[in-house]
Amino acid sequence: MGNDVIETHNLTKRFKHVTAVDGLNLSIRRGEIFGLLGPDGAGKTTTIRMLCAIMDPSEGSARVAGFDTVREPEEIKKRIGYMPQQFSLYGDLTVLENLTFFADVFQVERQEREERIARLLDFARLTEFQKRRAAHLSGGMQKKLALACTLIHRPEIIFLDEPTTGVDPVSRREFWDILTELHVQGVTLFVSTPYMDEAERCSRVALMFEGSVIVCDVPERIKGLVEGELLELRPERLREASRVIGELPGVLEVQTYGDLLHVFVDDAARRAPAIQEALAGAGIAVQGLRQTRPRMEDAFISLIRKRLGERE
């Protein structure tokens, strides 16, 4: 098995008329923060459920912590923590009672339990809220409590399915600070997310789209896959500006971000004046035209467009 703690070979899952996961080949090293990035319906949850031995594949196989997910599910469940999107905390139990309940479920021995719960409360920054009912916690605190419950039996691998969806930005950052601490302690983290900024915090990222992984690499290299140089500008009449720019020579791709345009060109220094000229000619005012570095989102959109374009 070497250093790979999760391996999949042609892992596939079909539901009636849909292939949710299509021939997945991944190998994840011990101690990585591995990000599975993709839009809703890409197959992220199905992948995690197969790796957690909750769902059997239609084809192919997976090994987690050295055990086969179909033949040895119980061995896997002892060694992993799984935090689904809708983690079922007990709303009428306090923070402390929830942790105690999960300690029972995972058969954590009594003498270890108190010390472990105290450490997790501290770790999740929930010590002063331990008597508060889970239903009365903020969304961000509920996520941290769910993570603490997932960690109660000291799993060596943790699967988190979109753990910060619907949480405010400050809580999201706090949650990721906690994940980073776990990573430093050597825990392997497998995180699915729709958020590009979270993907940038992973050791490696797989971009998933319609059941397949388009690319799997370190974030910096994925961002380097985008062709050309990137110009960012804020024009009036966004749609019209996008059309005008798209027809100019040397323009490879135009993407819209809110009130910004991201324009990929073969040569930024050469094309920027021509873009300004063309927009001025069309009577479109522009603010802040500058060259910038591609982000994960640029790469993702570009790679998906290419994939869709190959089909046409």
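## Briefing on a predicted model

At a relative accessibility of 5%, Glu162 counts as buried, where buried stands for under 20% relative accessible area, exposed for over 50%, and partly exposed for what lies in between, using a 1.4 Å probe and protein chains only. This is a predicted model, in which local features need pLDDT of at least 70 and side-chain atom pairs count only at pLDDT 80 or more, while totals for chains, interfaces and linings use all residues. Residues are numbered from 1 along each chain as its sequence is written, and side-chain values use heavy atoms, with hydrogens and water left out.

**Glu162 and Pro169**

- Glu162 sits in the loop between strand S7 (157-161) and helix H6 (169-184); helices (H or I, at least four residues) and strands (E, at least two) are DSSP runs, numbered from the N terminus.
- The side chains of Glu162 and Lys44 are joined by a polar contact of 3.1 Å, a term for a pair of N or O atoms within 3.5 Å in which, within protein, one must be able to donate a hydrogen and the other to accept it, and for which residues adjacent in sequence count only if both atoms are side-chain atoms.
- Setting aside neighbours within four places in sequence, Glu162 is in contact (heavy atoms within 4.5 Å) with Asp40, Lys44, Gln85, Lys143, Ser192, Thr193 and Pro194.
- Pro169, by contrast, lies in helix H6 and is exposed, with a relative accessible area of 54%.

**Nonpolar cores**

- A nonpolar core is a set of buried Ala, Val, Leu, Ile, Met, Phe, Trp, Tyr and Cys residues joined through side-chain atoms within 4.5 Å, and in the largest one, which has 53 residues, the members touching the most others are Leu99, Leu145, Leu147, Leu160, Leu179, Leu182 and Leu189.
- Helix H5 (residues 139-150) supplies the largest share of this core, namely six residues.
- A second, separate core of 26 residues includes Leu11, Ile28, Ala42 and Met55.
- Leu147 touches Met83, Leu160, Phe175, Ile178, Leu179 and Leu182, when residues up to four places away in sequence are not counted.

**Helix H3**

- In helix H3 (residues 95-105), the buried residues are Val95, Asn98, Leu99, Phe102 and Ala103.
- Helix H4 (110-123) and H5 are among what covers the buried residues of H3.

**Helix H10**

- Ala268, Arg271, Ala272, Ile275 and Leu279 are buried in H10.
- Seen down the axis of H10, the buried residues fall within an arc of 115°, so they line one face of the helix.
- On the face of H10 turned away from its buried side are the exposed residues Ala269, Arg270, Glu277, Ala280 and Gly281.
- The cover over the buried residues of H10 includes strand S11 (229-235), helix H9 (238-246), strand S13 (260-265) and strand S14 (286-292).

**An open sheet**

- Four strands form an open sheet in the order S2-S1-S4-S5, with antiparallel pairing, and two strands pair if DSSP finds at least two bridges between them.
- Strand S2 (18-29) and strand S5 (67-68) are the edge strands, each of them pairing on one side only.
- Strand S1 (residues 4-15) pairs with strand S4 (residues 59-64) in the antiparallel sense over five bridges, and Glu7 stands opposite Arg63 in S4.

Conventions: Arc of directions from axis to C-beta.
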